[in-house]
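Please open the model in your viewer and keep the selection tool at hand.

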Amino acid sequence: MNKRLILTVLATAFVAAGCGPKRATLPEYEDTSTEVPGSDNDSSSGSGVADSSIRSRGFEDDSVATDTADALIIYFEYDRAEVRPEYADLLAAHARRLSGNSGLRLRLEGHADERGSREYNIGLGERRAQAVRRLLLIQGASAGQISTVSYGEERPVAFGSTESDYEKNRRVELSYR
Amino acid sequence: MRHLSEKNQKNIMLSVAFWRQWLVFAGVFLALAAPVRAELVIEITRGAVKPIPIAIVPFGWSGTGNAPGDAASVIRSDLYGSGRFDPLDNDVMLERPVRGVDIDFDNWRFVAVDYVLVGRLEEVGDELALTYQLFDVYGARQVVADSLVLEPRDLRLASHRVADAVFEAITGVKGVFSTRVAYISVSGRPPERTYRLIVADADGNNEFVLLESAQPIMSPAWSPDGRQLAYVSFESGRAAVYVQTLRTGSRRAVSDRPGVNNAPAWSPDGRQLALTLSDAEGNLDVHVLTLLGNRLVRLTERRSIDTEPTWSADGRHVYFTSDRGGAPQVYRIAANGSEDAPERVTFEGNYNARPRVSPDGRYLAVVHDDRGRFRVAVQDLETGALQVLSDGSLDESPAFAPNSAQLIYATRREGRGVLETVSTDGLISGRVKSVGNDVREPVWSPYAR
(Lines give C-alpha, C1' and ligand atoms only; values in the text may rest on other atoms or scores of the structure.)
Protein backbone atom coordinates (compact mmCIF):
# COMPACT_ATOMS: atom_id res chain seq x y z
CA MET A 1 0.00 0.00 0.00
CA ASN A 2 2.67 2.48 1.04
CA LYS A 3 4.85 1.58 -1.90
CA ARG A 4 2.05 2.18 -4.33
CA LEU A 5 1.29 5.44 -2.65
CA ILE A 6 4.88 6.56 -2.97
CA LEU A 7 4.95 5.61 -6.63
CA THR A 8 1.82 7.60 -7.28
CA VAL A 9 3.30 10.51 -5.49
CA LEU A 10 6.51 10.23 -7.47
CA ALA A 11 4.57 10.06 -10.69
CA THR A 12 2.65 13.14 -9.73
CA ALA A 13 5.84 14.89 -8.78
CA PHE A 14 7.42 14.14 -12.13
CA VAL A 15 4.34 15.13 -14.03
CA ALA A 16 4.27 18.29 -12.01
CA ALA A 17 7.95 19.09 -12.34
CA GLY A 18 8.30 18.23 -15.97
CA CYS A 19 5.15 19.77 -17.28
CA GLY A 20 5.00 22.33 -19.96
CA PRO A 21 7.54 22.92 -22.66
CA LYS A 22 9.93 25.64 -21.60
CA ARG A 23 9.58 28.43 -24.07
CA ALA A 24 10.88 31.92 -24.24
CA THR A 25 8.07 34.42 -24.23
CA LEU A 26 8.96 35.63 -27.70
CA PRO A 27 10.47 32.74 -29.60
CA GLU A 28 12.70 33.44 -32.55
CA TYR A 29 11.23 32.30 -35.78
CA GLU A 30 12.61 31.52 -39.19
CA ASP A 31 11.36 33.94 -41.75
CA THR A 32 10.33 31.46 -44.40
CA SER A 33 7.95 33.79 -46.13
CA THR A 34 8.65 34.27 -49.80
CA GLU A 35 8.73 37.82 -50.98
CA VAL A 36 7.95 38.37 -54.62
CA PRO A 37 9.60 41.71 -55.21
CA GLY A 38 8.08 44.10 -57.65
CA SER A 39 5.23 41.95 -58.76
CA ASP A 40 2.84 44.87 -58.78
CA ASN A 41 5.40 47.60 -59.35
CA ASP A 42 6.65 46.89 -62.83
CA SER A 43 7.04 49.99 -64.92
CA SER A 44 8.95 50.75 -68.00
CA SER A 45 11.32 53.68 -67.94
CA GLY A 46 11.34 54.17 -71.66
CA SER A 47 11.19 57.87 -72.11
CA GLY A 48 13.84 59.53 -74.31
CA VAL A 49 16.67 57.04 -74.18
CA ALA A 50 15.51 54.58 -76.74
CA ASP A 51 18.78 52.76 -77.25
CA SER A 52 19.19 51.60 -73.65
CA SER A 53 18.12 48.16 -72.64
CA ILE A 54 18.02 49.11 -68.98
CA ARG A 55 14.63 49.26 -67.39
CA SER A 56 13.38 49.23 -63.86
CA ARG A 57 11.43 46.27 -62.69
CA GLY A 58 10.80 47.93 -59.33
CA PHE A 59 11.77 46.81 -55.90
CA GLU A 60 9.49 46.77 -52.90
CA ASP A 61 11.11 47.95 -49.73
CA ASP A 62 10.73 44.64 -47.92
CA SER A 63 12.86 45.78 -45.00
CA VAL A 64 9.95 47.95 -43.85
CA ALA A 65 7.49 45.09 -44.13
CA THR A 66 9.79 42.73 -42.28
CA ASP A 67 10.37 45.21 -39.48
CA THR A 68 6.66 45.70 -39.11
CA ALA A 69 5.98 42.01 -39.01
CA ASP A 70 8.75 41.57 -36.46
CA ALA A 71 6.70 43.44 -33.92
CA LEU A 72 5.03 40.62 -32.04
CA ILE A 73 2.96 42.41 -29.43
CA ILE A 74 -0.26 44.34 -29.75
CA TYR A 75 -1.40 46.47 -26.83
CA PHE A 76 -4.93 47.26 -25.72
CA GLU A 77 -6.93 49.80 -23.75
CA TYR A 78 -8.25 48.97 -20.28
CA ASP A 79 -11.15 46.49 -20.37
CA ARG A 80 -11.25 46.76 -24.20
CA ALA A 81 -10.55 44.24 -26.93
CA GLU A 82 -10.64 46.50 -30.00
CA VAL A 83 -7.42 46.55 -32.00
CA ARG A 84 -6.28 50.16 -32.31
CA PRO A 85 -5.89 51.56 -35.88
CA GLU A 86 -2.15 52.04 -35.37
CA TYR A 87 -1.75 48.25 -35.63
CA ALA A 88 -3.39 47.99 -39.08
CA ASP A 89 -0.08 47.87 -40.99
CA LEU A 90 1.46 45.44 -38.56
CA LEU A 91 -1.44 43.02 -38.81
CA ALA A 92 -1.57 43.39 -42.59
CA ALA A 93 2.10 42.38 -42.71
CA HIS A 94 1.47 39.33 -40.53
CA ALA A 95 -1.58 38.38 -42.60
CA ARG A 96 0.57 38.61 -45.76
CA ARG A 97 3.19 36.42 -44.21
CA LEU A 98 0.63 33.81 -43.21
CA SER A 99 -1.23 33.81 -46.52
CA GLY A 100 2.09 33.63 -48.36
CA ASN A 101 3.16 30.54 -46.44
CA SER A 102 0.44 28.07 -45.63
CA GLY A 103 2.86 25.99 -43.53
CA LEU A 104 3.30 28.80 -41.03
CA ARG A 105 1.46 28.54 -37.69
CA LEU A 106 0.74 31.45 -35.41
CA ARG A 107 -0.32 31.28 -31.79
CA LEU A 108 -2.05 34.31 -30.31
CA GLU A 109 -1.69 34.67 -26.55
CA GLY A 110 -4.15 37.07 -24.96
CA HIS A 111 -3.27 38.80 -21.70
CA ALA A 112 -4.87 41.28 -19.30
CA ASP A 113 -3.68 43.56 -16.54
CA GLU A 114 -4.24 42.57 -12.92
CA ARG A 115 -7.34 44.69 -12.36
CA GLY A 116 -10.59 42.78 -12.27
CA SER A 117 -11.15 39.15 -11.38
CA ARG A 118 -8.86 36.45 -12.73
CA GLU A 119 -11.38 34.40 -14.66
CA TYR A 120 -13.03 37.48 -16.13
CA ASN A 121 -9.56 38.47 -17.31
CA ILE A 122 -9.27 35.08 -19.01
CA GLY A 123 -12.36 36.14 -20.96
CA LEU A 124 -10.82 39.49 -21.76
CA GLY A 125 -7.56 37.92 -22.94
CA GLU A 126 -9.46 35.49 -25.14
CA ARG A 127 -11.52 38.33 -26.59
CA ARG A 128 -8.33 40.24 -27.43
CA ALA A 129 -6.71 37.23 -29.06
CA GLN A 130 -9.88 36.64 -31.08
CA ALA A 131 -10.00 40.27 -32.22
CA VAL A 132 -6.48 39.89 -33.63
CA ARG A 133 -7.38 36.53 -35.15
CA ARG A 134 -10.39 37.97 -36.98
CA LEU A 135 -8.30 40.77 -38.51
CA LEU A 136 -5.72 38.26 -39.73
CA LEU A 137 -8.41 36.00 -41.20
CA ILE A 138 -10.11 38.88 -43.02
CA GLN A 139 -6.77 39.72 -44.60
CA GLY A 140 -6.07 36.28 -45.94
CA ALA A 141 -4.66 34.07 -43.19
CA SER A 142 -6.47 30.78 -42.94
CA ALA A 143 -8.23 29.59 -39.80
CA GLY A 144 -6.09 26.47 -39.48
CA GLN A 145 -2.94 28.57 -39.16
CA ILE A 146 -4.01 30.46 -36.06
CA SER A 147 -4.59 29.19 -32.56
CA THR A 148 -5.48 31.26 -29.53
CA VAL A 149 -4.89 30.93 -25.81
CA SER A 150 -5.80 33.29 -23.01
CA TYR A 151 -3.58 33.64 -19.98
CA GLY A 152 -5.64 36.46 -18.48
CA GLU A 153 -3.51 38.18 -15.84
CA GLU A 154 -1.53 35.04 -15.02
CA ARG A 155 1.59 35.87 -17.07
CA PRO A 156 2.39 39.53 -16.70
CA VAL A 157 5.54 41.06 -18.19
CA ALA A 158 5.50 44.08 -15.88
CA PHE A 159 5.08 43.42 -12.17
CA GLY A 160 4.18 46.75 -10.68
CA SER A 161 0.71 48.14 -10.12
CA THR A 162 1.07 51.42 -12.04
CA GLU A 163 -0.73 52.43 -15.22
CA SER A 164 2.51 51.97 -17.15
CA ASP A 165 2.82 48.37 -15.89
CA TYR A 166 -0.80 47.75 -16.79
CA GLU A 167 -0.28 49.09 -20.34
CA LYS A 168 2.50 46.58 -20.91
CA ASN A 169 0.39 43.69 -19.64
CA ARG A 170 -2.77 44.35 -21.70
CA ARG A 171 -1.54 42.62 -24.80
CA VAL A 172 -1.71 39.92 -27.41
CA GLU A 173 1.58 38.19 -28.15
CA LEU A 174 2.07 36.70 -31.59
CA SER A 175 4.16 33.58 -31.53
CA TYR A 176 5.19 31.76 -34.72
CA ARG A 177 5.95 28.08 -34.48
CA MET B 1 -23.52 20.79 24.47
CA ARG B 2 -21.43 17.76 23.67
CA HIS B 3 -20.04 15.62 26.39
CA LEU B 4 -17.84 12.59 26.20
CA SER B 5 -19.73 10.16 24.05
CA GLU B 6 -18.80 7.00 22.27
CA LYS B 7 -20.19 8.23 18.99
CA ASN B 8 -18.11 11.36 19.09
CA GLN B 9 -14.98 9.45 19.89
CA LYS B 10 -15.57 7.09 17.03
CA ASN B 11 -16.12 9.95 14.60
CA ILE B 12 -12.96 11.63 15.66
CA MET B 13 -10.95 8.46 15.46
CA LEU B 14 -12.28 7.80 11.98
CA SER B 15 -11.36 11.22 10.74
CA VAL B 16 -8.03 11.00 12.50
CA ALA B 17 -7.40 7.83 10.50
CA PHE B 18 -8.20 9.71 7.31
CA TRP B 19 -5.85 12.48 8.30
CA ARG B 20 -3.13 10.09 9.23
CA GLN B 21 -3.10 8.65 5.74
CA TRP B 22 -3.23 12.07 4.29
CA LEU B 23 -0.29 13.20 6.36
CA VAL B 24 1.82 10.19 5.37
CA PHE B 25 1.20 11.16 1.79
CA ALA B 26 1.98 14.80 2.54
CA GLY B 27 5.24 13.90 4.27
CA VAL B 28 6.52 11.86 1.36
CA PHE B 29 5.72 14.50 -1.17
CA LEU B 30 7.19 17.32 0.87
CA ALA B 31 10.42 15.46 1.38
CA LEU B 32 10.73 15.08 -2.37
CA ALA B 33 9.56 18.29 -3.85
CA ALA B 34 8.41 20.98 -1.57
CA PRO B 35 10.11 23.68 0.43
CA VAL B 36 8.50 23.57 3.86
CA ARG B 37 7.72 26.84 5.50
CA ALA B 38 6.56 26.34 9.02
CA GLU B 39 4.54 28.44 11.40
CA LEU B 40 2.64 30.78 9.17
CA VAL B 41 0.12 32.32 11.50
CA ILE B 42 -2.89 34.55 11.30
CA GLU B 43 -2.25 37.99 12.66
CA ILE B 44 -5.36 39.87 13.72
CA THR B 45 -5.46 43.31 12.13
CA ARG B 46 -8.82 44.19 13.69
CA GLY B 47 -10.38 42.14 16.48
CA ALA B 48 -13.76 42.10 18.16
CA VAL B 49 -14.56 45.22 20.19
CA LYS B 50 -14.99 43.05 23.28
CA PRO B 51 -13.09 39.79 22.79
CA ILE B 52 -14.09 37.07 25.25
CA PRO B 53 -11.56 36.61 28.07
CA ILE B 54 -10.60 32.97 28.42
CA ALA B 55 -7.86 31.05 30.23
CA ILE B 56 -6.28 28.10 28.47
CA VAL B 57 -4.33 26.39 31.19
CA PRO B 58 -1.21 24.48 30.02
CA PHE B 59 -2.23 20.83 29.64
CA GLY B 60 -0.93 18.11 31.91
CA TRP B 61 1.21 15.28 30.58
CA SER B 62 1.53 11.75 31.85
CA GLY B 63 3.81 9.50 29.86
CA THR B 64 7.45 8.79 29.22
CA GLY B 65 9.78 11.65 28.44
CA ASN B 66 8.58 15.10 27.43
CA ALA B 67 5.09 15.84 26.16
CA PRO B 68 4.94 15.24 22.37
CA GLY B 69 3.47 18.68 21.78
CA ASP B 70 1.84 21.68 23.39
CA ALA B 71 -1.90 21.33 22.76
CA ALA B 72 -2.81 24.34 24.88
CA SER B 73 -0.59 26.63 22.87
CA VAL B 74 -2.16 25.52 19.58
CA ILE B 75 -5.63 26.08 21.04
CA ARG B 76 -4.62 29.46 22.42
CA SER B 77 -3.23 30.58 19.08
CA ASP B 78 -6.36 29.37 17.24
CA LEU B 79 -8.73 31.21 19.58
CA TYR B 80 -6.61 34.35 19.59
CA GLY B 81 -6.32 34.23 15.79
CA SER B 82 -10.10 34.18 15.46
CA GLY B 83 -10.15 37.73 16.79
CA ARG B 84 -13.03 36.84 19.10
CA PHE B 85 -11.05 35.74 22.15
CA ASP B 86 -8.58 37.32 24.54
CA PRO B 87 -6.57 34.45 26.05
CA LEU B 88 -5.00 35.08 29.43
CA ASP B 89 -1.20 35.10 29.68
CA ASN B 90 0.10 31.95 31.37
CA ASP B 91 2.23 33.87 33.86
CA VAL B 92 -0.69 35.66 35.48
CA MET B 93 -2.54 32.42 36.23
CA LEU B 94 -2.92 31.86 39.96
CA GLU B 95 -3.21 28.10 39.57
CA ARG B 96 -2.68 25.55 36.80
CA PRO B 97 -5.21 22.78 37.26
CA VAL B 98 -5.42 20.01 34.67
CA ARG B 99 -8.76 18.60 35.92
CA GLY B 100 -12.11 20.23 36.54
CA VAL B 101 -12.26 19.01 40.13
CA ASP B 102 -9.09 20.94 40.95
CA ILE B 103 -10.36 24.32 39.72
CA ASP B 104 -10.86 27.06 42.30
CA PHE B 105 -13.23 29.36 40.41
CA ASP B 106 -12.40 32.35 42.65
CA ASN B 107 -8.88 32.29 41.23
CA TRP B 108 -10.33 32.77 37.74
CA ARG B 109 -12.95 35.32 38.72
CA PHE B 110 -10.08 37.32 40.22
CA VAL B 111 -8.27 37.51 36.87
CA ALA B 112 -11.61 38.29 35.15
CA VAL B 113 -11.88 35.50 32.62
CA ASP B 114 -15.30 34.22 31.55
CA TYR B 115 -14.10 30.72 30.70
CA VAL B 116 -11.33 28.38 31.70
CA LEU B 117 -10.14 25.41 29.68
CA VAL B 118 -8.20 22.64 31.40
CA GLY B 119 -6.90 19.40 29.91
CA ARG B 120 -4.36 16.68 29.93
CA LEU B 121 -2.52 14.45 27.58
CA GLU B 122 -1.89 10.83 28.49
CA GLU B 123 0.13 8.12 26.87
CA VAL B 124 -2.07 5.08 26.22
CA GLY B 125 0.12 2.43 24.64
CA ASP B 126 1.21 3.80 21.24
CA GLU B 127 -1.56 6.33 21.29
CA LEU B 128 -2.44 9.49 23.14
CA ALA B 129 -5.59 10.50 24.96
CA LEU B 130 -6.33 14.21 24.85
CA THR B 131 -8.94 15.14 27.45
CA TYR B 132 -10.32 18.64 27.88
CA GLN B 133 -12.97 20.38 29.94
CA LEU B 134 -14.31 23.88 29.40
CA PHE B 135 -15.86 25.71 32.34
CA ASP B 136 -18.02 28.79 32.66
CA VAL B 137 -16.21 30.64 35.46
CA TYR B 138 -19.16 32.64 36.81
CA GLY B 139 -21.62 29.76 36.71
CA ALA B 140 -18.93 27.30 37.93
CA ARG B 141 -20.34 24.91 35.36
CA GLN B 142 -18.80 22.56 32.77
CA VAL B 143 -19.75 23.72 29.25
CA VAL B 144 -18.14 21.08 27.06
CA ALA B 145 -15.74 18.20 27.55
CA ASP B 146 -14.41 15.27 25.58
CA SER B 147 -11.58 12.81 25.42
CA LEU B 148 -9.94 12.14 22.05
CA VAL B 149 -7.74 9.17 21.23
CA LEU B 150 -5.12 9.72 18.54
CA GLU B 151 -1.71 8.82 17.23
CA PRO B 152 0.99 11.23 18.40
CA ARG B 153 1.48 12.67 14.90
CA ASP B 154 -2.14 13.91 14.92
CA LEU B 155 -1.76 15.95 18.08
CA ARG B 156 -1.83 19.25 16.25
CA LEU B 157 -5.00 18.34 14.35
CA ALA B 158 -6.64 17.07 17.53
CA SER B 159 -5.73 20.36 19.24
CA HIS B 160 -7.45 22.25 16.40
CA ARG B 161 -10.51 20.09 17.00
CA VAL B 162 -10.54 21.04 20.66
CA ALA B 163 -10.34 24.70 19.62
CA ASP B 164 -13.28 24.07 17.24
CA ALA B 165 -15.35 22.60 20.09
CA VAL B 166 -14.50 25.44 22.48
CA PHE B 167 -15.27 28.04 19.82
CA GLU B 168 -18.64 26.46 19.06
CA ALA B 169 -19.61 25.98 22.71
CA ILE B 170 -19.01 29.65 23.45
CA THR B 171 -20.01 31.48 20.27
CA GLY B 172 -22.63 29.10 18.89
CA VAL B 173 -20.75 29.13 15.57
CA LYS B 174 -18.91 26.05 14.37
CA GLY B 175 -15.12 26.45 14.53
CA VAL B 176 -12.99 26.10 11.40
CA PHE B 177 -9.55 25.65 12.96
CA SER B 178 -9.30 22.02 11.84
CA THR B 179 -10.12 22.82 8.21
CA ARG B 180 -7.68 23.57 5.42
CA VAL B 181 -7.07 26.18 2.76
CA ALA B 182 -5.88 25.62 -0.81
CA TYR B 183 -4.18 28.42 -2.71
CA ILE B 184 -1.83 29.24 -5.57
CA SER B 185 1.72 30.39 -4.91
CA VAL B 186 3.99 31.91 -7.54
CA SER B 187 7.71 32.47 -7.39
CA GLY B 188 10.38 33.70 -9.78
CA ARG B 189 10.31 36.06 -12.74
CA PRO B 190 9.72 35.12 -16.40
CA PRO B 191 10.85 32.96 -18.02
CA GLU B 192 11.64 31.08 -14.78
CA ARG B 193 8.33 31.21 -13.00
CA THR B 194 7.03 28.44 -10.80
CA TYR B 195 3.35 28.06 -10.04
CA ARG B 196 2.30 25.84 -7.13
CA LEU B 197 -1.02 24.56 -5.94
CA ILE B 198 -0.72 24.30 -2.16
CA VAL B 199 -2.92 22.89 0.58
CA ALA B 200 -2.28 23.99 4.18
CA ASP B 201 -3.99 23.92 7.55
CA ALA B 202 -6.32 26.86 8.14
CA ASP B 203 -3.64 28.48 10.33
CA GLY B 204 -1.11 28.25 7.48
CA ASN B 205 0.84 25.29 8.90
CA ASN B 206 1.60 22.02 7.13
CA GLU B 207 1.93 23.44 3.64
CA PHE B 208 1.76 20.68 1.11
CA VAL B 209 2.46 21.14 -2.62
CA LEU B 210 -0.15 19.35 -4.70
CA LEU B 211 1.10 20.46 -8.11
CA GLU B 212 4.07 22.42 -9.39
CA SER B 213 4.35 23.80 -12.91
CA ALA B 214 6.23 26.31 -15.03
CA GLN B 215 2.86 27.27 -16.55
CA PRO B 216 0.01 29.01 -14.73
CA ILE B 217 -2.27 27.12 -12.34
CA MET B 218 -5.48 28.85 -11.31
CA SER B 219 -9.00 28.60 -9.89
CA PRO B 220 -8.71 25.75 -7.35
CA ALA B 221 -12.06 24.43 -6.08
CA TRP B 222 -12.70 21.88 -3.30
CA SER B 223 -15.10 19.03 -3.91
CA PRO B 224 -17.92 19.09 -1.34
CA ASP B 225 -16.46 16.05 0.46
CA GLY B 226 -13.05 17.75 0.74
CA ARG B 227 -11.27 14.87 -0.95
CA GLN B 228 -10.64 16.35 -4.38
CA LEU B 229 -9.60 19.63 -5.90
CA ALA B 230 -10.57 20.85 -9.35
CA TYR B 231 -8.29 23.46 -10.91
CA VAL B 232 -7.12 24.97 -14.18
CA SER B 233 -3.62 24.20 -15.40
CA PHE B 234 -1.88 25.51 -18.53
CA GLU B 235 0.76 22.77 -18.44
CA SER B 236 -0.20 21.52 -21.93
CA GLY B 237 0.21 25.00 -23.39
CA ARG B 238 -3.47 25.82 -23.01
CA ALA B 239 -6.06 25.78 -20.30
CA ALA B 240 -7.58 22.49 -19.13
CA VAL B 241 -9.59 21.59 -16.05
CA TYR B 242 -8.19 18.80 -13.86
CA VAL B 243 -9.57 16.97 -10.87
CA GLN B 244 -7.03 15.65 -8.38
CA THR B 245 -7.63 13.36 -5.42
CA LEU B 246 -5.68 14.58 -2.41
CA ARG B 247 -5.05 11.30 -0.69
CA THR B 248 -3.68 9.43 -3.71
CA GLY B 249 -2.38 12.30 -5.82
CA SER B 250 -4.05 10.78 -8.87
CA ARG B 251 -5.68 13.17 -11.28
CA ARG B 252 -7.43 13.41 -14.61
CA ALA B 253 -8.29 16.10 -17.13
CA VAL B 254 -12.08 16.50 -17.05
CA SER B 255 -12.25 19.26 -19.65
CA ASP B 256 -9.56 19.71 -22.29
CA ARG B 257 -11.49 21.11 -25.21
CA PRO B 258 -10.07 23.53 -27.77
CA GLY B 259 -10.12 27.06 -26.36
CA VAL B 260 -10.98 28.13 -22.84
CA ASN B 261 -11.54 25.47 -20.14
CA ASN B 262 -11.75 27.48 -16.97
CA ALA B 263 -13.44 28.41 -13.69
CA PRO B 264 -14.53 25.00 -12.34
CA ALA B 265 -17.12 24.97 -9.51
CA TRP B 266 -18.51 21.83 -7.86
CA SER B 267 -22.22 21.34 -7.44
CA PRO B 268 -23.22 20.83 -3.78
CA ASP B 269 -23.77 17.10 -4.43
CA GLY B 270 -20.31 16.76 -6.02
CA ARG B 271 -21.65 15.19 -9.20
CA GLN B 272 -21.34 18.15 -11.52
CA LEU B 273 -18.88 20.87 -12.34
CA ALA B 274 -19.99 24.25 -13.61
CA LEU B 275 -17.24 25.62 -15.83
CA THR B 276 -16.50 28.12 -18.57
CA LEU B 277 -15.86 27.01 -22.13
CA SER B 278 -15.33 29.01 -25.31
CA ASP B 279 -16.69 28.38 -28.79
CA ALA B 280 -14.77 28.74 -32.07
CA GLU B 281 -15.29 32.52 -32.00
CA GLY B 282 -13.85 32.74 -28.51
CA ASN B 283 -17.20 33.45 -26.89
CA LEU B 284 -17.13 32.37 -23.24
CA ASP B 285 -20.19 30.63 -21.83
CA VAL B 286 -21.05 28.87 -18.60
CA HIS B 287 -21.67 25.13 -18.90
CA VAL B 288 -22.51 22.32 -16.50
CA LEU B 289 -20.55 19.10 -16.85
CA THR B 290 -21.93 15.93 -15.27
CA LEU B 291 -18.78 14.07 -14.27
CA LEU B 292 -20.20 10.59 -14.56
CA GLY B 293 -20.97 10.15 -18.26
CA ASN B 294 -19.28 13.40 -19.29
CA ARG B 295 -22.59 15.07 -20.22
CA LEU B 296 -22.34 18.79 -21.01
CA VAL B 297 -25.17 21.36 -20.81
CA ARG B 298 -24.63 24.93 -21.93
CA LEU B 299 -26.34 27.47 -19.65
CA THR B 300 -25.59 30.80 -21.34
CA GLU B 301 -25.32 31.90 -24.95
CA ARG B 302 -24.33 35.46 -25.56
CA ARG B 303 -21.51 37.33 -27.13
CA SER B 304 -20.63 38.54 -23.66
CA ILE B 305 -18.03 37.17 -21.28
CA ASP B 306 -20.06 34.75 -19.15
CA THR B 307 -17.80 33.11 -16.55
CA GLU B 308 -16.96 32.53 -12.87
CA PRO B 309 -19.88 30.20 -12.16
CA THR B 310 -20.76 29.21 -8.60
CA TRP B 311 -23.69 27.20 -7.26
CA SER B 312 -26.53 28.26 -5.02
CA ALA B 313 -26.51 26.37 -1.70
CA ASP B 314 -29.45 24.21 -2.85
CA GLY B 315 -27.74 23.37 -6.16
CA ARG B 316 -30.65 24.64 -8.25
CA HIS B 317 -29.05 27.79 -9.60
CA VAL B 318 -25.72 28.91 -10.92
CA TYR B 319 -24.51 32.45 -10.28
CA PHE B 320 -21.98 33.86 -12.74
CA THR B 321 -20.27 37.05 -13.93
CA SER B 322 -21.36 38.56 -17.24
CA ASP B 323 -20.61 41.81 -19.03
CA ARG B 324 -23.79 41.50 -21.13
CA GLY B 325 -25.01 44.78 -19.67
CA GLY B 326 -21.77 46.59 -20.54
CA ALA B 327 -19.85 46.14 -17.29
CA PRO B 328 -19.39 42.95 -15.26
CA GLN B 329 -22.31 42.11 -12.96
CA VAL B 330 -23.54 38.93 -11.32
CA TYR B 331 -26.48 36.99 -12.81
CA ARG B 332 -28.29 33.83 -11.83
CA ILE B 333 -29.67 31.06 -14.02
CA ALA B 334 -31.25 27.62 -13.52
CA ALA B 335 -28.54 24.97 -13.23
CA ASN B 336 -30.42 22.44 -15.36
CA GLY B 337 -30.43 24.65 -18.45
CA SER B 338 -34.19 25.19 -18.40
CA GLU B 339 -34.00 28.98 -18.41
CA ASP B 340 -33.06 31.11 -21.42
CA ALA B 341 -32.62 34.42 -19.68
CA PRO B 342 -30.68 34.81 -16.46
CA GLU B 343 -31.77 37.17 -13.74
CA ARG B 344 -29.45 39.99 -12.74
CA VAL B 345 -28.50 39.83 -9.07
CA THR B 346 -26.09 42.70 -8.35
CA PHE B 347 -27.02 46.33 -8.92
CA GLU B 348 -24.81 48.46 -6.70
CA GLY B 349 -21.96 50.13 -8.58
CA ASN B 350 -20.68 49.39 -12.07
CA TYR B 351 -18.55 46.33 -11.28
CA ASN B 352 -19.45 43.21 -9.32
CA ALA B 353 -17.72 39.98 -10.27
CA ARG B 354 -16.43 36.57 -9.09
CA PRO B 355 -19.50 35.57 -7.03
CA ARG B 356 -19.37 32.95 -4.26
CA VAL B 357 -22.41 31.84 -2.25
CA SER B 358 -21.99 31.24 1.50
CA PRO B 359 -22.54 27.60 2.49
CA ASP B 360 -25.65 28.62 4.48
CA GLY B 361 -27.05 30.27 1.35
CA ARG B 362 -27.51 33.70 2.94
CA TYR B 363 -24.77 35.74 1.34
CA LEU B 364 -23.13 36.34 -2.00
CA ALA B 365 -19.49 37.44 -1.85
CA VAL B 366 -18.25 39.45 -4.83
CA VAL B 367 -15.35 41.59 -5.95
CA HIS B 368 -16.82 45.08 -6.02
CA ASP B 369 -15.40 48.21 -7.63
CA ASP B 370 -15.55 50.69 -4.77
CA ARG B 371 -14.70 54.01 -6.47
CA GLY B 372 -11.78 52.62 -8.40
CA ARG B 373 -10.69 50.12 -5.76
CA PHE B 374 -11.44 46.45 -6.09
CA ARG B 375 -12.76 45.22 -2.76
CA VAL B 376 -14.47 42.22 -1.27
CA ALA B 377 -18.16 42.80 -0.57
CA VAL B 378 -21.05 40.61 0.53
CA GLN B 379 -24.60 40.98 -0.63
CA ASP B 380 -27.42 39.73 1.57
CA LEU B 381 -29.31 37.53 -0.89
CA GLU B 382 -32.62 38.22 0.84
CA THR B 383 -32.49 41.99 1.20
CA GLY B 384 -30.06 42.75 -1.62
CA ALA B 385 -28.00 44.99 0.70
CA LEU B 386 -24.31 45.13 -0.21
CA GLN B 387 -21.59 45.66 2.39
CA VAL B 388 -17.94 46.28 1.50
CA LEU B 389 -15.73 44.23 3.84
CA SER B 390 -12.13 44.87 2.79
CA ASP B 391 -10.11 48.05 2.52
CA GLY B 392 -7.43 47.32 -0.10
CA SER B 393 -7.44 48.34 -3.74
CA LEU B 394 -6.73 44.98 -5.41
CA ASP B 395 -8.67 42.59 -3.19
CA GLU B 396 -9.89 39.51 -5.00
CA SER B 397 -11.02 35.88 -4.89
CA PRO B 398 -13.14 35.87 -1.72
CA ALA B 399 -13.97 32.39 -0.39
CA PHE B 400 -16.24 31.53 2.52
CA ALA B 401 -15.17 29.39 5.45
CA PRO B 402 -17.44 26.34 5.81
CA ASN B 403 -19.19 28.01 8.78
CA SER B 404 -20.19 30.98 6.56
CA ALA B 405 -18.97 33.33 9.31
CA GLN B 406 -15.64 34.23 7.75
CA LEU B 407 -14.02 34.81 4.37
CA ILE B 408 -10.49 34.49 3.10
CA TYR B 409 -9.35 36.53 0.11
CA ALA B 410 -6.19 37.63 -1.69
CA THR B 411 -4.80 41.11 -1.87
CA ARG B 412 -1.53 42.86 -2.60
CA ARG B 413 0.69 44.36 0.08
CA GLU B 414 4.06 45.85 -0.82
CA GLY B 415 3.89 44.42 -4.33
CA ARG B 416 3.25 40.89 -3.17
CA GLY B 417 0.15 38.71 -3.08
CA VAL B 418 -0.96 37.94 0.49
CA LEU B 419 -4.01 36.31 2.05
CA GLU B 420 -6.35 38.07 4.45
CA THR B 421 -9.43 37.06 6.38
CA VAL B 422 -12.51 39.01 7.34
CA SER B 423 -15.64 38.06 9.26
CA THR B 424 -18.84 38.07 7.22
CA ASP B 425 -20.13 40.92 9.41
CA GLY B 426 -16.98 42.89 8.57
CA LEU B 427 -16.01 43.41 12.22
CA ILE B 428 -12.92 41.22 12.47
CA SER B 429 -10.05 41.03 10.03
CA GLY B 430 -6.72 39.27 9.94
CA ARG B 431 -3.76 38.52 7.74
CA VAL B 432 -2.19 35.15 7.04
CA LYS B 433 1.51 35.78 7.52
CA SER B 434 3.55 34.17 4.81
CA VAL B 435 7.15 34.21 3.78
CA GLY B 436 8.45 35.22 0.38
CA ASN B 437 6.16 34.06 -2.35
CA ASP B 438 3.25 35.64 -4.10
CA VAL B 439 0.08 33.90 -2.92
CA ARG B 440 -3.42 34.14 -4.35
CA GLU B 441 -6.76 32.44 -4.94
CA PRO B 442 -7.38 30.95 -1.48
CA VAL B 443 -10.22 28.47 -1.12
CA TRP B 444 -11.45 27.18 2.20
CA SER B 445 -12.02 23.43 2.50
CA PRO B 446 -15.35 22.03 3.64
CA TYR B 447 -15.45 20.33 7.04
CA ALA B 448 -13.69 16.97 7.07
CA ARG B 449 -16.22 14.16 6.89
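Select domain 1 (41-171) and domain 2 (180-444) of chain B, with bounds from an automatic or database domain assignment. Their C-alpha centres lie 35 Å apart. The contact between them (C-beta atoms, placed from the backbone, within 7 Å) takes 12 residues from domain 1 of chain B and 10 residues from domain 2 of chain B.

This is a predicted model, in which local features need pLDDT of at least 70 and side-chain atom pairs count only at pLDDT 80 or more, while totals for chains, interfaces and linings use all residues. Residues are numbered from 1 along each chain as its sequence is written, and chains are lettered from A and ligands numbered from 1 in the order in which they are written.

Move on to B:Gly83, which follows H2(B) and has a positive phi, near 80°.

Now show all of chain B. Its C-alpha trace spans about 75 × 45 × 45 Å along the principal axes. Buried residues make up 51% of the 449 residues. Among contacts between residues at least 6 apart in sequence, 48% join residues at least 24 apart.

Definitions and conventions: A residue is buried if 20 or more other C-beta atoms lie within 10 Å of its own, exposed if 12 or fewer, and partly exposed in between; C-beta atoms are placed from the backbone. Two residues are in contact if their C-beta atoms, placed from the backbone, lie within 7 Å. Helices (H or I, at least four residues) and strands (E, at least two) are DSSP runs, numbered from the N terminus.
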